[in-house]
Amino acid sequence: MNKANIRKRLIKIGFIVNQIYSEAIIIRIISNFLFIVIQYYIWKSIYENNNLNILSFKLMFSYVVIAQMISNVYPSQVSGRIGYMVKSGDIVFTLLNPYSFIGQLFFENIGSSIFKLLILNIPLYIFYIIYLGLNLLFMNIVKFIIIFLLCYIFYFIFELIFGIMSFYTTSQWGIQNLKYAIITLLAGRIIPINFYPKFLAKIMDFFPFKYLYNDVIMTILGKNYNFSRSVVLLSVNIIIFFIIYRFFLNKVVKKLTIQGG
C-alpha cells in the first residue's frame with residue numbers, strides 16, 4: 001500500500017472515530033451553543049456599560065464565535081494522546097511501526113478536524129449567520145484559509161513538543177495546564193490582543209502564539225493589516241518549532257534505546 005492510500009485511510013479513520021461517540025458529540029454541540037450564548041450576553045453587557053472604541057460589538061462577538069469554531073478544529077488532543085501512550089508504555093511499540101507515528105497522528109487529526117468542521121461547528125455557523133450575517137469578503141476568506149492552514153501545522157508541532165515533555169514528567173496534568181495557559185493568555189483565545197494593555201500587547205509580539213487565534217481571526221474580519229508579515233513569521237516559527245521538536249525527539253529516542261537495550 002502506497003503512502004497516499006495510507007494517508008487517505010488514516011484521515012477516514014480520524015473522521016469515523018468521532019462518529020462512534022455520538023453522545024459526546026451532542027454534548028459538545030450543546031456546550032458550544034451555551035458557551036456562545038453566555039459570551040453574547042457578557043459582551044453585550046460590557047459594551048452597554050462601557051465606551052469601548054477598540055472593536056465594535058459586532059466585530060467583538062464575531063471574534064468570539066470564530067475563536068470557538070477554530071478551537072474545535074485545532075488538533076488539541078495530540079499531546080494528551082502521546083502522554084497516555086508514554087504512561088501506558090505503548091509508545092515503545094508505536095515508534096517501531098514502519099509508518100511514521102507522527103504522520104499517523106497528523107492525518108488522523110485531519111480526519112477528526114474535518115468531522116468537527118462539518119458537524120460540530122454547525123450550531124456556530126447558524127448562530128453566526130443569524131446574529132452577524134454573512135458579511136465576509138472573499139479575499140479575506142482566502143487569506144484566512146492560507147494562514148489557518150499554517151496555524152494548524154504550527155499547532156500540531158506545538159502539541160508534539162508538549163507530548164514529548166511527558167517522557168520526562170510521565171504525567172500530563174501539569175503539562176496540559178501549562179499548554180492551556182499559554183494558549184489562553186498568549187494566543188488571544190478569549191479576547192483579542194487589542195484589548196491587552198499596550199506593554200503586554202508588545203510582549204505578545206515576541207511570541208508566535210498570537211497567530212493561532214488573534215491574527216487568524218483578524219484576517220477573516222479584515223483587520224489584519226500585516227497579513228504578509230504574519231504568513232512569513234508564522235512560516236519561520238513553524239521551522240523553528242519543528243527543529244525544537246526533532247531535537248527533543250532524538251534525545252527521547254536515544255533515552256528509550258539506552259533503557260530498552
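In this predicted model, helices H2 and H7 are roughly parallel to each other, because their crossing angle falls under 35 degrees. Their axes cross at roughly 30° and come within 9 Å. On the H2 side, the contact involves Ile29, Asn32, Phe33, Ile36, Val37 and Tyr40, which meet Pro123, Leu124, Phe127 and Tyr131 in H7. The residues of this contact comprise nine nonpolar, one polar and no charged.

Helix H2 itself covers residues 22-49, 28 residues in total. From its first C-alpha to its last, H2 reaches 41 Å, close to the 40 Å expected. Its buried residues are Ile25, Asn32, Ile36, Gln39, Tyr40, Trp43 and Tyr47. Besides helix H7 (122-132), the buried residues of H2 pack against helix H1 (3-20), helix H3 (57-73) and helix H6 (101-120).

| Salt bridge | N to O distance |
|---|---|
| Arg81 and Glu108 | 2.7 Å |
| Glu159 and Lys179 | 2.8 Å |
| Lys210 and Asp205 | 2.7 Å |

Arg81 forms its salt bridge with Glu108. Arg81 belongs to helix H4 (residues 78-88) and Glu108 to helix H6, so this pair ties together parts that are 27 residues apart in sequence. Arg81 is partly exposed at 32% relative accessibility, whereas Glu108 is buried at 13%.

Glu159 and Lys179 also meet in a salt bridge. Glu159 lies in helix H8 (residues 138-169) and Lys179 in helix H9 (residues 173-186), so the pair ties together parts 20 residues apart in sequence. Glu159 is buried, at 0% relative accessibility, and Lys179 is buried at 0%.

In the pair of Lys210 and Asp205, Lys210 is buried at 10% relative accessibility, while Asp205 is partly exposed at 45%.

Conventions. Residues are numbered from 1 along each chain as its sequence is written. This is a predicted model: local features need pLDDT of at least 70, side-chain atom pairs count only at pLDDT 80 or more; totals for chains, interfaces and linings use all residues. Side-chain values use heavy atoms; hydrogens and water are left out. Helices (H or I, at least four residues) and strands (E, at least two) are DSSP runs, numbered from the N terminus. The expected span of a helix is 1.5 Å times one less than its number of residues. Buried means under 20% relative accessible area, exposed over 50%, partly exposed in between (1.4 Å probe, protein chains only). Contact means heavy atoms within 4.5 Å. Axes are lines fitted to C-alpha atoms, for helices over the stretch in contact, and angles run from 0 to 180 degrees between N-to-C directions. Angles under 35 degrees count as roughly parallel, over 145 as roughly antiparallel, 65 to 115 as roughly perpendicular and the rest as oblique. Ala, Val, Leu, Ile, Met, Phe, Trp, Tyr, Cys and Pro count as nonpolar, Asp, Glu, Lys and Arg as charged, and the others, Gly among them, as polar. A salt bridge is a side-chain nitrogen of Lys or Arg within 4 Å of a carboxyl oxygen of Asp or Glu.
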